[in-house]
Amino acid sequence: MTSNKFLMGNEAIALSAIASGVQFATGYPGTPSTEVMETLIKNAKKYGYYVEWATNEKVALETAIGASFSGTDTIVTMKQVGLNVASDPLMSLTYLGVKGALVLLVTDDPGPHSSQTEQDTRSFGLFSNVPVIDPSDSKEAYKMTKYAFELSKKYETPVILRTTTRVSHRCDDVLVDDLNKIPFKTSGFSKDSRWAIFPRLTAERHPVLEALQNTLSEEFSNSNFNFIQGTGKIGIITSGASYHYVVESISNNKHDFSILKIGTPYPFPEKKVFEFINSVDCILIVEELDPYLEDQTLKLIGKLGINKPVYGKYNKYFPCCGEYNVKLVLDGINKVLESLNYEKIKFSNVIDTQNVNVPLPVRPPTLCAGCMHRTVFYGFKKVSKEFEKKGIQTIFSGDIGCYTLGNAPPIELIDTCICMGAGISVASGISKTSKNSKNVAFIGDSTFFHSGIPAVISAVYNKSDITIAVLDNRTTAMTGHQPHPGTGKTAGFEDTKLIEIEGILKSCGLDFVKSVSTENLDECINVSRESIEYNGPSAVVFRGNCVSLVKSKLKCRVDTEKCTGCKICFEELGCPAIVMDRDIPNITSNCIACGLCVAVCPFNAIINEGNCYEL
């Protein structure tokens, strides 16, 4: 039995995985992938499969590999930068293959909306010889997830299910199967030399791996996920969300065009593309991120000696960066039509309606009102000014997460930010090469467990003179408050052993390890100063509540008779709860009475009505 459900792309993927009989799910949170795991976690008990959050993407994939080697059907989730972390086991896994199905959900982020890169996982599939499935909406996400499980089992290979932000977060009516609880099934691990990648095995498996690519290319050429629409002589090859932009762009002139929609980009379905190229006079390639389809098409045209013009990113008909939309795609198509002496396509009424220039409010990213991180950043900024007077520069290395916002005005504290866990290593490198400086590395609690620990060990081992500031709000805040080893909760929020960060720091060899509550600004400033003055590696765990989880009914208020209008509270903290009402600050309803503005006011003009948190 089936039924229609209105589903987000990520929800469709999760429900399809359950319908496919997934028995083991793991991943690391990262926008825009997180809802897949959230949906799987929510339904785990109901449908009888195991699910867990891993400490990072490499650990997630390695754990899933172990489950797959035991004959268990698995899914692993992460965003595109997470695949970089997981690339080491992936490159070996592709040689070994799998026993139970292993589907690797990776979400790309054109734009980017919440990522440090715009990398393209289709190219990673080519690099690693792992087949890639690329849906364009929630309906396809559901169907293609089932196909990914089938493909993985059929060819005993990992399969990448790749989406982009607009596919992960768009909603459609999806025809879904009725779900039933399935008893946990696994054949168990059987000893086999196949699972240990030694050079001899690698040499044996490489030809098999290459041959599989040809087999899959043949299968994909016959796949219904790669289809042709229209009979026009102007050909457009596209995939993912770009397919819908193309369809909408040419809706007024469909008779001029044919579309080849690619749903299985790697291995490239060469026969299908060849069939399409032969049916048109020229080819437009419309795709976000890398010119992946364009590269593959140009390679095929060169290999077969075909003489037809190709219009894409390389000859600048379409942008090489950023997220696409209907207008951008239409502009690119019109540039091609102009060069072909065709009449340009006009906007349809629908597009005109969508294209009304309504100015959106500018909302620069900022820390939440009452965020504990603001207190830590403010404290270190005060201390850095003291060192500056002594002629010592203080350099702050940040990390990925809410603490990235320490770079935004008016705090403007973070000097470097590379990737998760890199802040500590970067600070160590600077400490070895920048004279007369003190170096502070900020890292969050979840990120500390993700990839911070090896960097701590290296800093201690190499005698780096750095201060490690762990901002511990006992959650993975940026991606939606997932638990981690420092929360004492599992993915399903069952009690488990809480791993104390201080204990890890000490076991890594740090002699200076202190903890402080962020509710006390003076204490935060004092311990910040003390940790920076310490010669050698030091660490401070700043602990507080995430204001998105812990709410307060109380707030601060301004005593207008005492307030002089100095604006220190407004200009130095950047708290969104404080706005200026003419020359007097006004504290709005989103204040949670953290008390930081009370502490910085030199005239005692801000009154804290209490600091009482409620869970």
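Author: Begin with one residue pair. Gly 235 stands opposite Ser 258 in S11. This is a predicted model: local features need pLDDT of at least 70, side-chain atom pairs count only at pLDDT 80 or more, and totals for chains, interfaces and linings use all residues. Residues are numbered from 1 along each chain as its sequence is written, and side-chain values use heavy atoms, without hydrogens and water.

Reader: How many bridges join S10 to S11?

Author: Strands of a sheet pair through backbone hydrogen bonds, parallel or antiparallel. Two strands pair if DSSP finds at least two bridges between them. Strands are DSSP runs of E, at least two residues, and helices are runs of H or I, at least four, both numbered from the N terminus. Here six bridges join S10 (residues 234-239) to S11 (residues 257-262), and the two run parallel.

Reader: What is the strand order in the open sheet of five strands?

Author: The order is S9-S11-S10-S12-S13, with mixed pairing. S9 (227-229) and S13 (310-311) are the edge strands, each pairing on one side only.

Reader: Which order does the open sheet of six strands have?

Author: That order is S3-S2-S4-S5-S7-S6, and the pairing is parallel. S3 (50-53) and S6 (132-133) each have a single partner strand, so one side of each lacks a neighbour in the sheet.

Reader: Which helix packs on the sheet, touching S4 and S5?

Author: Helix H4 (residues 80-96) does. Contact means heavy atoms within 4.5 Å. Axes are lines fitted to C-alpha atoms, for helices over the stretch in contact; angles run from 0 to 180 degrees between N-to-C directions. The direction of H4 makes about 140 degrees with that of S4. S4 (residues 74-79) and S5 (residues 102-108) pair in the parallel sense over six bridges. Lys 79 has Thr 107 in S5 as its bridge partner.

Reader: How is the chain split into domains?

Author: Domain bounds come from an automatic or database domain assignment. Here it gives domain 1 (3-203), domain 2 (212-340), domain 3 (372-543) and domain 4 (556-608). The centres of domain 3 and domain 4, taken over C-alpha atoms, are 28 Å apart. Six residues of domain 3 are in contact with nine of domain 4.

Reader: What share of the 615 residues is buried?

Author: Buried means under 20% relative accessible area, exposed over 50%, partly exposed in between (1.4 Å probe, protein chains only). Buried residues make up 55% of the chain.
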